[in-house]
Amino acid sequence: MRRAPRDTEATSRSVTRRALFMGGCMAAMVAALGARMRFLGVEQADQFRLLAEENRINIRLIPPARGLIQDRNGKLIAGNEQNYRVVITRENAGKTDAEVEDVLNRLSHIIPMTAEDLADTMKELNPRVNSAFVPITVAERLSWDDFSKIAINAPALPGVSPEVGLSRVYPRDGDFAHIVGYVGPVSEKDLTELKEKDGADNVDPLLLIPRFQIGKIGVEKWMEDTLRGSAGTKRIEVNAVGRVMRELDREEGLKGKDLRLTIDADVQNFVQARLGEESAACVVMDVNNGDIIAAVSSPSFDPNLFVRGISSADYAALTEHDHRPLANKVVQGAYPPGSTFKMVTALAALEAGVIDENTVVHCPGYIEMGGIRFNCWKRGGHGSVNLKRGLSESCDVFFYDVGQRVGIDKMAEMGNKLGLGIRHDLPMSAISEGKMPNKAWKQERYGQAWVIGDTINASIGQGYVLATPLQLAVMASRIAAGKQVAPRIINSVNDIEVPITEVEGLDLDGSKLRAVQMGMFEVMNGPHGTGRGSRIADDTMQMCGKSGTAQVRNFSVAEKQGGATKNEALPWKLRDHALFVGFAPANAPRYAVSVVVEHGGGGSAVAGPIARDALLRALTGGIPPLTAYPADQRGTIESRMNELRLRLPDGSQPEASKV
């Protein structure tokens with residue numbers, strides 16, 4: 001019992017040590033926690049504040065305004081209009097497909113949405129297709145009422161945002177459809193092409209925005225980089241469920257550059273109306289600098305349909321139409337040039353020295369070669385024919401003979417010099433280089449030797465020779481100016497004029513070129529000229545020209561012996577093409593023109609009057625005056641002009657023109 005105090009004292013010391021140890025551990029832990037808290041709350045405060053901000057702030061791209069496209073006088077051809085739309089962001093709409101579908105179903109009770117619309121949106125919202133943070137356009141071009149309903153119901157629509165953007169609009173409908181083209185949503189094909197062109201790492205982030213629109217054809221496509229601009233950014237604050245609360249700040253992007261074309265919108269509209277429903281093309285070109293004043297392919301289509309989403313019925317109506325409204329016949333259509341090619345044959349022979357302007361060929365109405373008869377269009381023949389008469393009366397036999405003298409290779413060289421068989425570089429889609437054959441071409445293409453019959457056919461623009469309306473306009477311009485005029489369609493970029501390359505001469509003998517020009521003058525103004533019916537009566541604007549009629553079928557033996565079946569008796573697709581080229585004024589050429597009317601029949605009767613009207617519209621700056629026409633035609637001309645539906649000066653509404 002005496003040892004009890006010692007035990008108690010020892011026990012007391014042991015407890016005190018444990019208490020001190022535990023207390024020290026606790027103090028150390030508190031100190032460590034305090035230090036950690038200080039580290040997080042003070043030293044790392046800015047970093048974690050930033051992380052917190054990023055959790056409630058989204059950064060989004062702002063698509064830039066697309067550059068405007070105007071005509072040579074500043075009239076709007078392609079612009080932008082306000083577009084009310086609604087977008088949905090997957091990460092804010094729900095964690096599961098069911099939640100997202102529920103939001104879309106609620107939205108469909110506010111704005112019209114079909115089952116197909118809902119399915120398409122869900123497909124785009126799939127994380128494997130688009131990132132969850134990328135806004136997807138659900139509907140656009142909403143009415144103000146629908147737009148307001150969505151804004152009012154926003155609290156019940158997580159992830160859904162009404163937005164105001166810009167959309168492309170073409171105020172002149174079909175007048176420029178084939179030149180300017182249209183825009184549409186970026187496709188996988190577009191992305192692939194751009195990645196191959198610019199490299200996968202250099203693709204503009206704008207192109208990854210779902211339904212972002214880029215140029216698909218025409219100027220809109222080939223000048224895409226110029227027109228698109230660069231993206232801006234905006235920071236928006238969202239609440240706990242991802243609903244947009246407010247926009248914190250924004251940095252506007254760089255608007256696309258504006259383009260001004262060489263086209264005159266009023267001349268373009270006039271020619272479009274003049275061609276009517278014909279399957280045709282017409283080009284008006286400045287012979288001095290190559291400016292394209294009008295380039296019309298008919299019939300046309302409304303490019304706004306493609307921007308807004310064309311219906312299956314509308315698209316089928318365009319693709320199934322036998323006049324091919326979607327094709328740009330100006331640069332895509334390659335046609336036998338027919339007798340409009342005879343200037344090439346004549347110039348090649350004159351330059352080669354195998355004929356001169358006084359060389360005479362006898363035309364009995366045909367020639368025979370290798371047991372094959374090649375007929376002249378005039379069955380009874382023209383008798384003795386020199387160059388001027390050969391052109392003015394379009395004697396085929398004269399050019400059969402001249403073609404054999406000069407040969408196909410020299411004709412091909414001259415054709416190239418005048419712009420045929422050459423792909424002219426313009427910002428248009430699917431430009432054809434036509435076909436200007438020679439001996440080597442046939443051997444390479446078909447493995448066959450060139451024969452004399454090929455030369456005879458080529459000498460009058462048949463056989464293998466093919467040319468586009470653009471190339472025919474270039475040919476007429478070069479003959480008129482005696483220079484290597486090259487076509488151009490972009491006048492300026494952001495009001496900075498695109499420089500015009502100095503035009504060089506054609507390196508042709510001036511006297512020989514004038515002989516051909518004189519022959520073209522006689523075509524229109526000579527007493528027996530094949531184009532006399534389409535002449536200009538005003539001496540200050542007289543024109544030079546050449547018509548052509550191109551076969552699209554082979555004649556039967558009976559037709560070769562007894563005469564071809566008349567065009568009007570044939571189905572439309574078997575009728576001849578009607579062609580015409582020319583320039584005016586004859587004494588100081590300013591504009592050249594080419595016209596091709598598919599299956600139109602005679603070039604002088606069908607294409608010639610159109611070409612005359614187009615030239616007069618460009619020369620006079622208004623509806624051609626009746627005094628420019630022969631007196632006996634003025635009544636008919638007045639009626640025709642008054643039937644044209646032309647736009648008002650501001651391009652807003654069509655009206656009947658008044659002569």
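**Entry 1**

I count a residue as buried when its relative accessible area is under 20%. With that cut-off in hand I went to strand β11 of this predicted model, which spans residues 280–286. I found 7 of the 7 residues of β11 buried, so the strand is largely enclosed by the rest of the structure.

Which residues sit on each side of β11? I listed Ala280, Cys282, Val284 and Asp286 on one face.

Of its 659 residues, 49% count as buried. I get 25 helices and 23 strands for its secondary structure. Among contacts with a separation of 6 or more, 72% are between residues 24 or more positions apart.

**Entry 1: the sheet around β11**

Next I wanted the neighbours of β11. I traced an open sheet of 5 strands in the order β12-β11-β21-β20-β19, with antiparallel pairing. The edge strands are β12, at 292–298, and β19, at 544–550, and each of them pairs on one side only. From one strand to the next I read an average twist of 5°.

How many bridges join β11 to β12? I have 6 of them, in the antiparallel sense. Two of the pairs I wrote down by name. Val283 faces Ala295 in β12, and Cys282 has Val296 in β12 as its bridge partner. The hairpin of these two strands has 5 residues between them, and there I spotted Gly290 with a positive phi near 85°.

On the other flank, I found β11 paired with β21 over 7 bridges, again antiparallel. Here Asp286 stands opposite Tyr591 of β21. A reminder to myself: strands of a sheet pair through backbone hydrogen bonds, either parallel or antiparallel.

Helix α11, residues 265–275, touches β11 and β12, and its direction makes about 30° with that of β12. Helix α21, residues 469–481, lies across β11, β12, β20 and β21. I read its direction as about 150° to that of β21.

**Entry 2: α11 against α24**

I stayed with α11 and turned to its packing on another helix. Two packed helices are described by the angle between their axes and the distance between the axes. For α11 and α24 (residues 603–620) I have an angle of about 160° and axes 10 Å apart. That makes the two helices roughly antiparallel, because angles over 145 degrees count that way. The crossing of α11 past α24 is right-handed.

Which residues meet here? From α11 I noted Asp266, Val267, Phe270, Val271, Arg274 and Leu275. From α24 I noted Pro609, Ile610, Asp613, Ala614, Arg617 and Ala618. By class, this contact has 8 nonpolar and 4 charged residues, with no polar ones.

- Ser298 to Pro299 is a cis peptide bond, with omega near -5°. I placed Pro299 in the loop between β12 and α12, the latter at 304–308.
- Ala584 and Pro585 are also joined by a cis peptide bond, with omega about -10°. I found Pro585 in the loop between β20 and β21.
- Asp495 is not a glycine, yet I read a positive phi of about 65° for it. Asp495 sits in the loop between β17 (490–493) and β18 (496–497).
- Asp507 has phi near 60°, again positive in a residue other than glycine. I located Asp507 in the loop between β18 and α22 (510–525).

Are these two aspartates buried or exposed? I set their relative accessible areas against the cut-off for exposed, which is over 50%. Asp495 comes out at 66%, so I filed it as exposed. Asp507 comes out at 67%, so it is exposed as well.

Technical notes:
Residues numbered from 1 in each chain as written. Predicted model: local features only at pLDDT ≥ 70, side-chain atom pairs only at ≥ 80, totals over all residues. Heavy atoms only, no water. Pairing = 2+ DSSP bridges. Helix = DSSP H or I, 4+ residues; strand = E, 2+ residues; numbered from the N terminus. Axes fitted to C-alpha atoms, helices over the stretch in contact; angles between N-to-C directions. Contact = heavy atoms within 4.5 Å. Buried < 20%, exposed > 50% of the residue type's maximum accessible area, 1.4 Å probe, protein only. Parallel < 35°, antiparallel > 145°, perpendicular 65-115°, else oblique. Left-handed = near helix turned anticlockwise from the far one by under 90°. Nonpolar A, V, L, I, M, F, W, Y, C, P; charged D, E, K, R; others polar.
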